[in-house]
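Please read the following note with the sequence and the model at hand.

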Amino acid sequence: MKLLLRNFPFQVFCMALLSAFAFGQAPDARDSLAACNAGLHACESTRTVPPRLPAAGSGQQKSSGAAELSDRLVICTNGWETCEFSLLAQADLNSSEHQRNVSDCRNGSQACDRSKLTSQEAIALAVADHKRNVSDCTDGFTSCDRSRLTPSEAHGVTVADHERNFSDCKDGLGPCDTVKLSASEANQVAIARRQQNVSDCRDGAASCDSSKLTAAEATGVRSAEKQRNLSNCSDGWGDCDHSRLTRPEAQGVATAEHQRNLSECKDGRETCDYSALTPAEAGALKKAEHQRNYAACLKGSGYCDLSRLTPAEAGAIPPASSDGPQ
């Protein structure tokens with residue numbers, strides 16, 4: 001039997017025996033143990049079993065504790081009378097606490113206790129910390145500690161700093177130190193900034209500096225501004241300055257505005273200006289509204305105003321629907 005047990009993973013035995021232990025102990029003890037394993041504030045150490053297994057520490061202690069726990073598993077499997085479930089439960093609790101501490105250390109939590117890490121866990125943590133610091137330095141984060149970099153890593157970080165500064169200067173984003181640029185880079189930055197300013201002026205952005213435009217660029221910007229104003233006036237979007245329109249443009253804008261108002265009146269929108277409609281348009285809208293009202297009264301669906309119907313139309317309305325405006 002012992003030979004068979006040793007061929008199974010250690011964790012399988014733990015799960016099986018702890019399940020048996022859970023069914024055998026009182027509900028309040030099980031709840032308290034579960035709270036302690038999960039690291040919850042509801043944990044009551046006085047209601048769980050006292051620590052009797054050696055805590056995770058040196059390699060020798062860990063090996064001795066694992067061997068002792070393995071023997072106890074065999075005892076619990078083969079002879080229930082001599083089995084001590086409390087010791088198995090405490091071992092599981094110690095393991096959960098240890099894993100939480102490892103996780104806290106990896107996440108940089110203040111709850112981390114490095115003295116409780118095994119030598120392998122401490123090494124893995126040091127490697128992860130170093131990689132994170134190199135990444136922080138490369139990305140320019142304030143958490144970077146350059147004193148922990150190797151000469152090769154420090155050189156790579158210096159190159160990354162230079163490239164980031166060059167990119168910020170060209171894009172106009174973030175801090176830019178022009179002193180750190182080479183002559184070629186400074187020339188590229190000047191070209192990029194000029195192009196960006198021209199683009200800003202064409203788009204009507206507040207960041208536009210028209211004093212830096214050449215004569216040709218200024219002409220192009222004025223043409224773009226004129227086209228943008230015409231588009232705004234025609235579409236009814238943004239700022240529209242009618243005084244900047246030519247006579248043909250003003251006529252086209254007036255036609256577009258009239259059609260837009262007619263459409264809003266047909267849709268019954270509050271932006272409709274009925275006074276701007278022609279007599280023919282006003283008559284057509286009045287006729288369409290009369291037909292809509294008559295149909296609503298006939299169907300009993302929608303707004304119906306019986307007072308606007310002709311005597312013949314009113315006579316065609318079913319009695320149930322002739323009680324007044326619907």
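**Note on salt bridges and a buried glutamate**

1. The side chains of D267 and R269 form a salt bridge, with an N to O distance of 3.6 Å; the term denotes a side-chain nitrogen of Lys or Arg within 4 Å of a carboxyl oxygen of Asp or Glu. D267 is partly exposed at 47% relative accessibility, and R269 is partly exposed with a relative accessible area of 46%. Here, buried means under 20% relative accessible area, exposed means over 50%, and partly exposed lies in between (1.4 Å probe, protein chains only).

2. The model is predicted: local features need pLDDT of at least 70, side-chain atom pairs count only at pLDDT 80 or more, and totals for chains, interfaces and linings use all residues. Residues are numbered from 1 along each chain as its sequence is written, and side-chain values use heavy atoms, with hydrogens and water left out.

3. The structure holds nine salt bridges. One of them joins D129 and R132, whose closest N and O atoms are 2.4 Å apart. Both residues lie in helix α6 (residues 119–139), and because they are three residues apart, about one helical turn separates them. D129 is buried at 14% relative accessible area, whereas R132 is partly exposed at 36%. Through salt bridges that share partners, R114, D129 and R132 form one network.

4. Another salt bridge links the side chains of R194 and E217 (3.5 Å, N to O). R194 belongs to helix α8 (residues 183–203) and E217 to helix α9 (residues 215–235), so this pair ties together parts that are 23 residues apart in sequence. R194 is partly exposed, with 41% relative accessibility, while E217 is buried, with a relative accessible area of 18%.

5. Which side chain of opposite charge is nearest to E313? It is R308, 8.9 Å away, and E313 is buried yet has no salt bridge; for charge, Lys and Arg count as positive and Asp and Glu as negative, while His and the chain ends are not counted. E313 is located in helix α12 (residues 311–315). A polar atom of its side chain lies 3.0 Å from the backbone nitrogen of T310. Leaving aside residues up to four places away in sequence, E313 touches H290 and Y294, where contact means heavy atoms within 4.5 Å.

6. As for the whole chain, there are twelve helices and zero strands; these are DSSP runs numbered from the N terminus, with helices (H or I) of at least four residues and strands (E) of at least two. Of the 326 residues, 27% count as buried.

Definitions and conventions. Polar contact = N/O pair within 3.5 Å; in protein donor to acceptor, adjacent residues only side chain to side chain.
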